[in-house]
Amino acid sequence: QVQLVESGGGLVQAGGSLRLSCAASGSIFSIGNMGWYRQAPGNERDLVATITRGGDTNYAYSVKGRFTISRDSAKNTVYLQMNSLKPEDTAVYYCNAFVREHLLDTGMDYWGKGTLVTVSS
């Protein structure tokens with residue numbers, strides 16, 4: 001069993017910064033892509049940023065230049081540094097990771113329970 005636990009959400013004023021963390025634990029053989037998604041009230045869950053094992057990154061257009069995703073593979077942890085936050089960034093942020101639990105496992109996506117980010121104007 002694999003668990004993803006997010007932390008670092010909270011309330012911040014527009015223009016401020018927050019850093020989200022997500023640690024994977026449990027039966028882990030390897031982790032492939034990791035990423036962050038977000039879901040605002042009444043909206044679907046949307047991609048924010050992803051990062052490969054090799055460090056290649058991909059960002060949603062709306063966060064490019066403001067958010068930075070990174071990972072510490074030794075700690076099975078992915079981070080999201082969020083700067084210049086806007087009220088429209090308000091959402092529940094979810095961590096995602098593609099995990100293989102053993103050598104013969106083909107792997108599957110795991111999700112955290114989410115952390116709320118609220119940006120006040």
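Author: **The salt bridges**

Arg-66 pairs with Asp-89 in a salt bridge, with 2.8 Å between the closest N and O atoms. The term means a side-chain nitrogen of Lys or Arg within 4 Å of a carboxyl oxygen of Asp or Glu. Arg-66 sits in the loop between β6 (57-59) and β7 (67-72), and Asp-89 in the loop between β8 and β9, so the pair ties together parts 23 residues apart in sequence. Strands here are DSSP runs (E, at least two residues), numbered from the N terminus. Both Arg-66 and Asp-89 are buried, that is, under 20% relative accessible area with a 1.4 Å probe, protein chains only; exposed means over 50%, and partly exposed lies in between.

This is a predicted model: local features need pLDDT of at least 70, side-chain atom pairs count only at pLDDT 80 or more, and totals for chains, interfaces and linings use all residues. Residues are numbered from 1 along each chain as its sequence is written, and side-chain values use heavy atoms, without hydrogens and water.

The structure holds two salt bridges. In the other, Asp-89 meets Arg-38, and the closest N and O atoms are 2.9 Å apart. Arg-38 belongs to strand β4 (residues 30-39), while Asp-89 lies in the loop between β8 (77-82) and β9, so this pair ties together parts 51 residues apart in sequence. Arg-38 is buried, as is Asp-89. Through shared partners, the salt bridges join Arg-38, Arg-66 and Asp-89 into one network. In general, side chains of opposite charge can pair when their charged atoms come close.

Conventions. Helices (H or I, at least four residues) and strands (E, at least two) are DSSP runs, numbered from the N terminus.
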